[in-house]
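Me: I am new to this structure and would like to learn how to read it. Can we go feature by feature?

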Amino acid sequence: MALFSRSRRRDALSPEVLTALMRTWLPAMARLQPDERERLVELTDVLVAGLRWEAANGFEVTDDMRVAVSAHAALLVLGFDDGLDSYLSVTSVIIHPSTIEIHGTRSVGGGMLTDTADSVIGEAHHRGPILVSWDAAASQARNPQWGENVLLHEFAHRLDMLDGVSDGTPPLADADQLRAWVGACTPALQRVRDGESTVLRPYAATNPTEFFAVATEVFFTQATRLREHEPALYRVLRDYYRQDPAGR
Ligand SMILES: [Zn+2]
C-alpha cells in the first residue's frame with residue numbers, strides 16, 4: 001500500500017462522489033456489511049489515486065472508469081491483509097473503448113505460437129499492464145446476473161500470477177488448502193470440459209488459468225448459484241478470498 005499512497009493525486013474524489021460511483025458500478029456493494037463497505041471504499045480510493053491510468057488512442061479515462069475498475073480490483077482482495085500489495089506489479093491500466101485487437105507473436109499452448117490478430121475484451125500481462133474494453137466492462141458491471149465480469153477476470157489473473165506462474169492456483173496458505181483446492185477444481189474443470197457444468201461458461205475449459213478467472217467472476221456475481229451447483233468449488237474460493245458472498 002505504501003507504493004500506492006506515495007503517488008496519490010491531489011484531485012482525489014470526495015468521499016460522497018466516490019461512494020456514489022461505486023454504488024453505480026458495483027451493485028454488490030449494497031450487500032456488504034458496514035465494516036466491509038468502509039474498507040472497500042478505502043481500498044478503492046487508494047487504487048483510483050495510485051494506479052497509473054492510460055487510454056487507448058483518442059479515448060479518455062473518466063472517473064467512472066477509474067472507480068469501476070478500482071472497486072472490482074478492491075473487492076477481490078477485501079479479505080486479504082495488505083491486499084493491495086497484490087497489485088504492486090500492475091504497471092498501468094489501459095482502457096479501450098471497445099474490443100481490443102491483439103497483434104504480435106504469443107503462445108496459444110501446446111508449444112504453439114500464433115501471430116494473427118485477435119479480438120479480446122481484456123488482457124492481464126505478468127508484471128505489466130491490464131487492458132480492458134470499457135463497453136464490455138461497463139455493461140457487465142451493471143448486469144451481475146450475467147455472471148461475467150472482465151474486471152474481476154483480469155485482476156484474478158494477477159492474483160494467480162503472484163507466485164510467478166499463471167496456472168490457476170494462486171498462492172495458498174498451506175498444503176491442506178492446496179489439497180482441497182486441487183480436489184475441488186480438478187473435477188469442476190472436467191465438468192466444464194465434458195459440457196456438464198451448469199454454472200461455469202465453456203471458456204473456463206480453456207485451461208486451469210482461465211478456469212480460475214471465470215470461477216472468480218461467478219463467485220462474486222452469482223455466488224448463490226455457484227454455491228448450489230459447485231459447493232466444493234465455492235468452499236475453496238470462499239477460503240481463498242476469505243469472503244462469503246453467498247452468505248451476504
Ligand atoms: Zn483470461
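Me: Where is arginine 242 placed?
Reply: This is a predicted model. In it, arginine 242 sits in the segment after H10. Its phi is near 55°, a positive value in a residue other than glycine.

Me: Is arginine 242 buried or exposed?
Reply: Look at the relative accessible area, where over 50% means exposed. Arginine 242 has 51%, so arginine 242 is exposed.

Me: Which loop holds aspartate 82?
Reply: Aspartate 82 is in the loop between H4 and strand E2 (93–96). Aspartate 82 is not a glycine, yet it has a positive phi of about 50°. Its relative accessible area is 57%, so aspartate 82 is exposed.

Me: Now the inside. How many residues does the largest nonpolar core have?
Reply: Such a core is a set of buried nonpolar residues joined through side-chain atoms within 4.5 Å. Here the largest one has 74 residues. Leu76, Tyr87, Leu200, Leu233 and Tyr241 have the most contacts inside it.

Me: Which helix gives the largest share of this core?
Reply: Helix H4 (residues 63–76) does, with nine residues. The core also draws on two domains: at least three residues come from each of domain 1 (1–146) and domain 2 (167–248).

Me: Which residues does leucine 233 touch?
Reply: Leave out residues up to four places away in sequence. Then leucine 233 touches Ala184, Cys185, Ala188, Leu200, Phe211, Ala215 and Leu226.

Me: How many aromatic pairs are there?
Reply: Rings pair if their centres lie within 6.5 Å. By this rule there are 13 aromatic pairs. One of them joins phenylalanine 212 and tyrosine 241. The two rings are 6.4 Å apart, centre to centre, with 10° between the planes. That pair is stacked.

Me: Why does the pair tie together separate parts of the sequence?
Reply: Check where each partner lies. Phenylalanine 212 is in helix H8 (residues 208–221) and tyrosine 241 is in helix H10 (residues 231–241), so the pair ties together parts that are 29 residues apart in sequence.

Me: Are phenylalanine 212 and tyrosine 241 buried or exposed?
Reply: Under 20% relative accessible area means buried. Phenylalanine 212 has 2%, so phenylalanine 212 is buried. Tyrosine 241 has 0%, so tyrosine 241 is buried.

Me: Is the pair of phenylalanine 220 and tyrosine 241 stacked or edge-to-face?
Reply: Planes over 60 degrees apart count as edge-to-face. Phenylalanine 220 and tyrosine 241 have 75° between their planes and are edge-to-face. Their centres are 5.0 Å apart. This pair links distant parts of the chain too: phenylalanine 220 is in helix H8, tyrosine 241 in helix H10, 21 residues apart. At 6% relative accessibility, phenylalanine 220 is buried.

Me: Which residues form one aromatic cluster?
Reply: Phe80, Trp181, Phe212, Phe219, Phe220, Tyr234, Tyr240 and Tyr241 do.

Me: Where does arginine 142 lie?
Reply: A charge can sit over a ring. Arginine 142 lies over the face of tryptophan 25, at 4.5 Å from the ring centre.

Me: Why is helix H6 (residues 150–160) described as largely enclosed?
Reply: Count its buried residues. In H6, 11 of the 11 residues are buried, so the helix is largely enclosed by the rest of the structure. Among them are His153, Glu154, His157, Arg158 and Asp160.

Me: Which residue caps the N-terminal end of H6?
Reply: Asparagine 149 does. One of its side-chain oxygens lies 3.0 Å from the backbone nitrogen of leucine 151.

Me: Which helix holds arginine 66?
Reply: Arginine 66 is in helix H4. Its relative accessible area is 14%, so arginine 66 is buried. Its side chain makes a polar contact with the side chain of aspartate 63, at 3.3 Å.

Me: What does threonine 44 touch?
Reply: Threonine 44 lies in helix H3 (residues 34–50). With a relative accessible area of 0%, threonine 44 is buried. Not counting residues up to four places away in sequence, threonine 44 touches Leu18, Met22, Val67, Ser70, Ala71 and Ala74.

Me: Last one. Is proline 15 buried or exposed?
Reply: Proline 15 is exposed, with a relative accessible area of 54%. Proline 15 is in helix H2 (residues 15–25). The C-alpha atoms of proline 15 and valine 120 are separated by 34 Å, and these residues are 105 residues apart along the chain.

Notes: Residues are numbered from 1 along each chain as its sequence is written. This is a predicted model: local features need pLDDT of at least 70, side-chain atom pairs count only at pLDDT 80 or more; totals for chains, interfaces and linings use all residues. Side-chain values use heavy atoms; hydrogens and water are left out. Buried means under 20% relative accessible area, exposed over 50%, partly exposed in between (1.4 Å probe, protein chains only). Helices (H or I, at least four residues) and strands (E, at least two) are DSSP runs, numbered from the N terminus. Domain bounds come from an automatic or database domain assignment. Contact means heavy atoms within 4.5 Å. Rings of Phe, Tyr and Trp (its six-membered ring) pair if their centres lie within 6.5 Å; planes under 30 degrees apart count as stacked, over 60 as edge-to-face and the rest as tilted. A charge sits over a ring if NZ of Lys or CZ of Arg is within 6 Å of the ring centre and within 35 degrees of the ring normal. A polar contact is a pair of N or O atoms within 3.5 Å; within protein, one must be able to donate a hydrogen and the other to accept it, and residues adjacent in sequence count only if both atoms are side-chain atoms.
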